[in-house]
Amino acid sequence: MLSNKKQYYFNLFFFFVTASSAFVVILVVVGIFLVLFKEAFPAISRYGIIRFIFSSSWDPVREIFGGAVPLVGTLTTSFLALIVAVPVALGIAVFITEVAPKRLGEIIGMAIELLAAIPSIIYGMWGLFTLAPLQAKYIEPFLQNLLGGIPLLGRLFSGNTLGIDIFTASIILSIMITPFTAAVARDAFLVVPPVLKESAYGMGATKWEVIKDVVFPYCKMSILGGIGLSLGRALGETMAVAFVLGNLNQFPTSLFSPTATVTVKLANEFTEADKDIHLAALFYLAFLLFIMSLTILGVSKYFIHKTQKK
Amino acid sequence: MKKMLTFLILAVFVLSFLVFWKGAEGASEGKLINGAGATFPYPLYSAWASDYHKATGVKINYQPIGSGGGIRQITERTVDFGASDMPLKPEEIEKKKLLQFPTVIGGVVIAYNLPEIGNKRLVLDGETLCKIYLGEIKTWNDPQIKALNPKLNLPYKPITPVYRSDGSGTTSIFTHYLSDVCPKWAKEIGSGTSVNFRAGIGAKGNEGVANYVKRTPYSLGYVEYAYALQNKIMVSDLKNRKGKVVSPTPESFKEAAKTSDLRAEKHFYAWMTNAEGEKAWPIVGATYILLAKERPQINKQVIKFFDWAYKNGDQRALELYYIPLPAEVKAKIREYWKAHGIY
Amino acid sequence: MIRRRKIINKLALFFCFLTALWGLFWLTFILFDIIRHGITALTPSLFLNEPTPPGIPGGGLKHALIGHLLITLTATLIGVPVGILGGTFLAEYGRNYKISRIISFIADIMISIPAIIVGTFVFAFMVKPMGHFSGLAGGVSLAIIMIPIIVRTTENMLSLVPWTLREAAFALGAPYYKVIFQVVYRGAGVGIFTGVILAIARVAGEAAPLLFTSFNNAYTTYNIFQPMASLTVTIFQYAMGPYEDWHKQAWGASFLITLFILLLAIVGRYLVRLKFKA
């Protein structure tokens with residue numbers, strides 16, 4: 001038993017130890033912001049902000065760097081992934097909470113969480129060795145034959161069906177991010193007050209109508225938050241996409257075009273940029289991605305937070 | 001339960017401490033040398049390192065991250081030596097306070113995947129390659145390719161040119177050649193370890209290009225010869241400067257190397273592309289080692305390895321279709337080392 | 001009219017059923033593929049041999065297995081204490097300060113931050129000044145990813161311990177730290193442990209942050225101040241190469257990593273359910 005005085009001092013000591021540990025979180029965020037900004041500064045001062053974001057040439061020989069293609073690539077792959085992932089995720093959440101019996105729902109829930117646990121490099125491996133060849137041999141030619149003839153829409157399916165393109169990358173991404181929205185949606189659906197649902201049933205609504213008109217509106221903010229979370233994740237994915245995107249610095253002209261994203265560019269070029277300004281431009285991209293992710297994740301978490309407070 | 005947990009945690013801490021301690025001690029100076037850079041000579045350096053380890057016990061950890069990476073990492077002094085197929089100009093060497101010398105010569109070949117023509121050899125030339133990589137020639141049965149290959153049954157399929165997405169010396173050799181034979185290329189794209197390619201898909205490292213070409217029908221890519229050889233990928237013949245069609249062989253590589261001018265005063269800066277000889281292969285280059293001038297202790301260890309390789313490694317090189325440096329050049333390199341106090 | 005609503009109802013719910021099938025389909029497909037390709041690669045040489053020069057068969061992953069273990073261990077030794085202590089502050093000492101809400105919010109965001117960004121950060125502030133890549137830098141970058149996860153799970157688990165338990169201890173005259181150690185930690189122990197397990201499962205599969213920090217090494221080394229191989233970076237390197245032998249090893253490594261992580265994840269979830277059942 002320590003004396004009272006010693007106890008007091010140890011308590012104070014422990015207070016500071018825990019406080020500093022908690023403070024590390026802030027330190028890291030601020031640290032990343034400052035370090036990325038410092039390293040990116042030569043590129044920022046040379047290319048400016050607007051010009052860098054909207055210029056599409058990435059020319060290390062002529063030292064003209066513009067981030068438009070990877071930024072657009074990041075946003076495009078993420079949105080394409082969301083288009084598939086969000087309905088699927090909501091469907092899964094509905095299934096788990098409203099349709100399936102409790103045991104089955106739990107098992108499916110756990111299976112979906114396992115999808116989230118698979119490391120992204122494994123997705124990349126599988127994408128390169130299994131999905132891309134399947135895409136190249138069967139799926140993409142099939143889609144091209146079926147839909148390529150339609151005016152306007154057909155343009156999306158034109159091009160060389162290599163399997164190494166934005167289409168394959170987005171599919172893999174969509175599978176990866178489905179669990180995030182599904183988990184948030186499921187948690188939100190579970191806390192809808194039963195009395196609201198019961199009154200709707202009491203008026204003769206079908207199950208789907210209850211879901212559509214009671215549960216969804218009630219959980220609007222959470223669902224948006226979940227979508228934002230998935231988007232934030234998709235923006236930052238590297239390994240799953242690096243194997244199958246092709247790193248071509250051009251805007252995609254169809255679903256079957258290779259292109260580049262910020263993360264894939266970083267993975268490919270970071271340790272190898274021999275010119276200082278090239279490395280600074282890469283840091284500039286990293287900095288922009290950091291800001292984008294922080295913003296989207298911050299806003300999404302805020303939405304989820306607000307609804308939880310209720 | 002609580003006691004077991006505490007014991008477990010303490011055991012983990014103590015064990016880890018022991019492992020880290022032993023690990024940090026176990027690696028003494030000179031036992032592990034870290035290098036990084038070009039994928040061009042990687043199969044050879046790796047084989048040399050393996051032999052050297054057997055002979056002396058010293059580990060050479062060479063990481064193939066591309067010539068751009070080799071240059072970057074030695075400039076930042078994060079590795080013991082860098083490797084690059086793109087030689088740095090003497091002014092840059094002085095500015096970055098480096099030393100540079102070549103180790104071996106190799107040929108860059110055009111690997112392709114064309115199921116229709118089976119084992120028959122494709123013939124290409126500089127201008128055609130140029131147009132393919134500019135995206136101007138889009139299909140295999142284009143008249144320009146047909147003209148070079150009148151007897152082949154070329155299909156109406158799109159060509160996918162594969163290039164290097166990372167900072168690559170092989171790219172610099174290839175684009176140096178294209179800039180030489182193709183004014184449009186020189187004007188619009190230029191040469192270097194990383195250029196603004198307009199068509200096709202990018203792969204990481206020579207091995208990445210080889211991988212894509214191997215698995216993707218109707219694709220074509222530039223690789224160092226060992227990669228095509230080891231993976232049994234078809235490679236084309238090329239029409240050289242003299243208009244003769246040559247195959248990639250050690251002899252045609254040697255012919256190209258003959259005309260090069262490797263001198264210590266210029267830190268051995270030289271190009272061997274589009275060489276003059278009748279039988280010369282058009283895309284040949286030397287690959288270099290970069291050292292940080294102010295680290296004599298480390299450099300001495302690195303030199304020991306390459307000196308050993310000059311003496312004992314020629315056989316390995318030839319097995320993999322690399323060309324060992326001629327004896328006069330090796331002597332010049334040893335003089336260079338002596339002059340900088342590391343030999 | 002009712003018929004139409006009933007049909008729509010059936011269709012919509014059927015769609016939801018399909019989505020669940022869709023999710024399960026991909027999960028089974030991917031896992032099946034990994035098992036199918038990975039099992040054939042599990043030979044003794046995979047575990048015992050070091051890599052051979054490219055094109056020469058017989059190489060193994062000993063260097064990557066040991067390296068990965070050491071890097072993950074380093075990350076755990078750094079990340080777990082900081083994470084638990086940080087979470088303790090947020091749930092205990094700092095309970096009433098506004099700053100705790102802010103830190104908690106930021107930690108939540110940091111959980112999903114692109115891992116490659118962490119890699120570039122550690123490269124700039126550790127690898128460059130040190131003058132070389134190192135397993136330690138790799139461990140630090142993984143720790144940076146771990147800390148927010150453990151902080152949040154610890155904070156959540158500690159908050160679940162009823163306040164009355166603490167009051168009882170205070171009433172007996174215990175100082176706060178004693179209350180934390182002997183009452184709160186005891187109560188939340190399993191939960192915190194689960195959080196740690198899940199955090200380890202998360203970082204064990206990371207590759208991007210290691211690309212620029214621990215880099216890679218062709219040999220086995222126990223020295224964390226040297227570049228170190230890791231299973232994930234090796235998968236990246238081998239999968240992108242042309243050698244069949246490399247591809248096989250990459251699948252083997254993928255199998256091992258997936259197995260390890262899924263086991264951890266399942267154990268973690270199971271522990272959570274056990275705790276909440278009681």
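Arg72(B) and Asp276(A) form a salt bridge in which the closest N and O atoms are 3.0 Å apart, in what is a predicted model. Between chain A and chain B the count is 1 salt bridge, alongside 5 residue pairs in polar contact, with both residues at pLDDT 80 or more.

On the side of chain A that touches chain B, at least two residues each come from strand S1 (58-59), helix H5 (120-147), helix H11 (262-269) and helix H12 (276-309) of chain A. The residues of that side of chain A divide into 13 nonpolar, 8 polar and 7 charged.

The extent of the contact can be given both in residues and in area. The size of an interface is often expressed as the accessible area lost when the parts come together; between chain A and chain B the buried area is about 2300 Å², and carbon and sulfur atoms give 44% of that area. The residues that each chain brings to the contact are tabulated here.

| Chain | Residues in the contact |
|---|---|
| chain A | 28 residues |
| chain B | 36 residues |

Turning to aromatic rings, the count over all chains comes to 68 aromatic pairs. One of these pairs is formed by Tyr163(B) and Phe197(B), which is stacked because the ring centres are 4.5 Å apart and the planes lie at 15°, under the 30 degrees that the term requires.

Methods. Residues are numbered from 1 along each chain as its sequence is written. Chains are lettered from A and ligands numbered from 1 in the order in which they are written. This is a predicted model: local features need pLDDT of at least 70, side-chain atom pairs count only at pLDDT 80 or more; totals for chains, interfaces and linings use all residues. Side-chain values use heavy atoms; hydrogens and water are left out. Contact means heavy atoms within 4.5 Å. Buried area is the accessible area (1.4 Å probe) that two parts lose on being put together, summed over both. A salt bridge is a side-chain nitrogen of Lys or Arg within 4 Å of a carboxyl oxygen of Asp or Glu. A polar contact is a pair of N or O atoms within 3.5 Å; within protein, one must be able to donate a hydrogen and the other to accept it, and residues adjacent in sequence count only if both atoms are side-chain atoms. Helices (H or I, at least four residues) and strands (E, at least two) are DSSP runs, numbered from the N terminus. Ala, Val, Leu, Ile, Met, Phe, Trp, Tyr, Cys and Pro count as nonpolar, Asp, Glu, Lys and Arg as charged, and the others, Gly among them, as polar. Rings of Phe, Tyr and Trp (its six-membered ring) pair if their centres lie within 6.5 Å; planes under 30 degrees apart count as stacked, over 60 as edge-to-face and the rest as tilted.
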